[in-house]
Amino acid sequence: MKLVFGFIYIYFLFSLSICLGQAHPFITDATEQTPDTTIFNQSLDSIKKYVYLDSRKIKPYMSLCKTMMEENEDLTGRHKLGFVIQSIYNEFNTADYLKIAKMIVDNRYLLEDSDVIQSQITQFNYLDGYTSMEMGDFEAAQQVFYKMLDNAKENNLSTLIQANSSLGEVFTKSKDYENGEKYLLRGLKIIPKDEANIRISGYIKLARLYQSADKVSKAEVNTNKALSLADSISSKDYKLELLLIKVDNCIQQKDLD
């Protein structure tokens with residue numbers, strides 16, 4: 001089986017390099033003796049890299065991983081759950097939440113595999129909660145994010161940030177702006193100062209909350225904080241989004257006046 005997938009992988013990478021018009025770093029490394037798990041992990045790394053940058057580039061990698069999952073007994077629950085998680089992130093590009101919800105239900109059994117790691121379980125549960133939130137099931141989403149918060153305690157900063165921020169989003173969407181503000185501020189408070197992108201995202205969520213609560217002056221304050229950070233890291237994407245938020249602030253203020 002390793003020999004077969006080794007040849008498939010070499011052919012796949014060669015074909016991919018032609019399609020993308022560039023050499024692929026794994027082409028010179030992979031041989032027919034390359035373990036299937038290495039081939040799978042390399043493909044999964046490429047999916048992670050391109051899932052939001054250019055989803056078109058991940059299609060060949062997705063196809064290869066699916067084939068290996070169907071035909072290879074060497075892949076463990078950790079490998080399979082890793083692929084499922086990235087597949088869900090890919091589906092977020094289409095916002096087909098019914099499909100995503102089915103993927104979550106169909107693959108929840110993988111959480112019981114002894115080989116999976118805690119970070120994967122946390123990530124899968126987050127995706128479960130986020131999907132529930134986007135589908136309007138705020139109570140189910142809250143349950144997931146509260147559980148994440150309880151499990152994280154002080155031991156996992158990234159999970160604490162994610163859980164607080166996610167709770168803030170759920171309460172914002174359910175128009176409970178007091179609790180939404182509380183959790184977004186808690187999340188923002190513990191974000192390290194050198195994590196500019198995460199801080200910008202936190203300020204944006206606060207700005208959107210204050211817009212929804214008709215507190216335009218607070219929305220503008222947080223928009224400007226985010227813009228300052230975006231300038232410091234030369235983020236054009238964030239700047240465009242923030243300029244649009246400022247336009248919304250201006251229009252909303254005129255309507256309130």
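This is a predicted model: local features need pLDDT of at least 70, side-chain atom pairs count only at pLDDT 80 or more; totals for chains, interfaces and linings use all residues.
View 1. On the face of α11 that is turned away from its buried side, the exposed residues are S217 and S232. The buried residues of this helix, by contrast, are V216, A219, N222, T223, A226, L227, L229 and A230. An α-helix has 3.6 residues a turn, so residues three or four places apart point the same way.

**View 2. The length of α11 and the packing of its buried side.** Helix α11 comprises the 17 residues 216-232, which at 1.5 Å a residue should span 24 Å, and the distance of 24 Å between its end C-alpha atoms therefore agrees with that expectation. Just after α11 comes S234, which takes a positive phi of about 55 degrees.

**View 3. Helix α10 and the helices against which it packs.** From its first C-alpha to its last, the 17-residue helix α10 reaches 24 Å, close to the 24 Å expected at 1.5 Å a residue. Its buried residues are A196, R199, I200, G202, Y203, I204, L206, A207, L209, Y210 and Q211, and the buried residues of α10 pack against α8 (157-173), α9 (177-189), α11 and α12.

**View 4. The residue D214, which follows α10.** After α10 the chain continues to D214, whose phi is positive, near 60 degrees.

Technical notes. Residues are numbered from 1 along each chain as its sequence is written. Side-chain values use heavy atoms; hydrogens and water are left out. Helices (H or I, at least four residues) and strands (E, at least two) are DSSP runs, numbered from the N terminus. The expected span of a helix is 1.5 Å times one less than its number of residues. Buried means under 20% relative accessible area, exposed over 50%, partly exposed in between (1.4 Å probe, protein chains only). Contact means heavy atoms within 4.5 Å.
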